[in-house]
Every structure is written in structure tokens, then in C-alpha cells.
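Hi there,

Here is the structure I promised to pass on to you. Have a look at it first, and then read my notes below.

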Amino acid sequence: MAELPPPLRWWGRPFGEARVHLELARLLVSDTWRGHDVPHGDGAPVLLVPGFLAGDVTLTVLHDWLRRTGHRSYRSGIAWNVDCSEAAVRRLDRRLAEVADRAGTPVTIIGHSRGGLLARALAARSPSLVRRVVALGSPLASQLDASVLTLAAVSGARVAQNVVRPHRPLCLTVRCPCPFGADLVAPAAPPVVAIWSGQDGIVRPSACRPEDAEALEVRGSHVGLGVNVEVYRHLAEVLVRR
């Protein structure tokens, strides 16, 4: 999969992201949250990877629901997802190996936003340890195809990275020479499922459904994909596949 350069300026839909609280409320009153209308798992392992500027705590609701519906959910160990992509993937690779060894079986990786990019690269690097990748609103087709405000935040993180790692001036760009870039666009070995929203206000929706992934559309915000009841229903079906 060759990554396309991001199109020119896109302002996104920042005000639509405020609906995340309504999305959480809709989830918590649903039968899906209680596990009544979805298939349950058989204890297979799932590793959760948070999005840009986020940490494991942002996927707590999903983590708890997975455990209550028969899956062994594991956190990534990421407190704040702003680090160099290559450094992040190396740490996640160690975490993946630990989870796979403990479970004795390949792991499904669910990544939100940037977490899906890291998951995709991780699957290319250690395919024998990965059962599948599920990306939630991840710009897999073009990793920096996001809103102007989001790209401004990426630029800020890049400046910070240049202070910490001055020998890597292209960190957090599409021209970064680290192995992460090659892994991200390598042909997918484990299957990839891309769950995306046409109402995404952070990442351009078209970037979230690459040609080599199964694309499942939901309605809702980008931030709210981790608490979206439609996402949970899709996850329940995907996670019980063989």
C-alpha cells in the first residue's frame, strides 16, 4: 500500500466533536453495553492502543466492556501518545510479545486514531503475533490527512521531538526514514478492519478506509469512536471471527 500525500488544507468539523458526551450516554443505556445483544468472546486477547495526545485512560470504557463480554483486554502502557512513531512501535512490540506469550495465542490490536497507525505498523513488524488489526478513525491511507488544528498539534509535538531527538528532524512527518514508515505502508499480512465515520471532525473520512482493509461505517464523532455503540456492535462481531 503506497501512502498518498495529504491533500491541501482541511478545516475538519471541530464543533461536531462535542457530541462525545451524548455518544457515551447512548452507549451506557444500551443493551450492547450490558452485553445482551452482542456475541461474547472466548477469552481471546485484545491489545488497546490510544490515539494522538491520549493515553490508556481514554479507552477505559472499551477496556471494561471487552472484559465483561468475554475478551481478555490489555492496555498498551501509553500514558500520552506523542512520542516518535518508531520509538512507540518498538515499545508496543515488546508489549505485544508479552501479551501474546501470556495468552498463548495471537492478539487482536484495536487502535484509535494514531493508535491504529501504530497497530498497522506493529502487525507488519510482528505478523505472527497479530490476529487482526482494528483501526478506529485511523488515517491509514494517508497518515497526516487531518484537520488544520490537528496538524498544528502534530507540529507542536514535532518541535518537542526535535528538542529530545535533534538527530531526527523528520520525526512525525511522512518523510521520516525510520522503519515505521515502511511498516505502515507494507502489504497487510494480518487482516485489517477500518471502522470510520463520515462525520469525523478530526481525520478526513476518506483517509480512514484504505483499499486493503475491510471498511465499516458508523455515525459519530472522531473522539467518540471509543464510546460509540455502533462501534461496539461491530467490534463484537469482528472479535468472534476465526
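There is one aromatic pair by the rule used here (ring centres of Phe, Tyr or Trp, its six-membered ring, within 6.5 Å; planes under 30 degrees apart are stacked, over 60 edge-to-face, the rest tilted). Trp65 and Tyr232 form this tilted pair, at 4.6 Å centre to centre and with 50° between the planes. Because Trp65 lies in helix 3 (residues 60–68) and Tyr232 in helix 8 (residues 229–239), the pair ties together parts that are 167 residues apart in sequence. Helices here are DSSP runs of H or I with at least four residues, strands are runs of E with at least two, and both are numbered from the N terminus.

Some background: this is a predicted model, where local features need pLDDT of at least 70 and side-chain atom pairs 80 or more, while totals for chains, interfaces and linings use all residues. Residues are numbered from 1 along each chain as its sequence is written, and side-chain values use heavy atoms, leaving out hydrogens and water.

Is Trp65 buried or exposed? Trp65 is buried, with a relative accessible area of 0%, and Tyr232 is buried at 0% too. (Buried means under 20%, exposed over 50%, partly exposed in between, with a 1.4 Å probe and protein chains only.)

Now for helix 5: 10 of its 12 residues are buried, so the helix is largely enclosed by the rest of the structure. Its buried residues pack against several elements, including strand 1 (45–49) and helix 4 (contact means heavy atoms within 4.5 Å).

Happy exploring!
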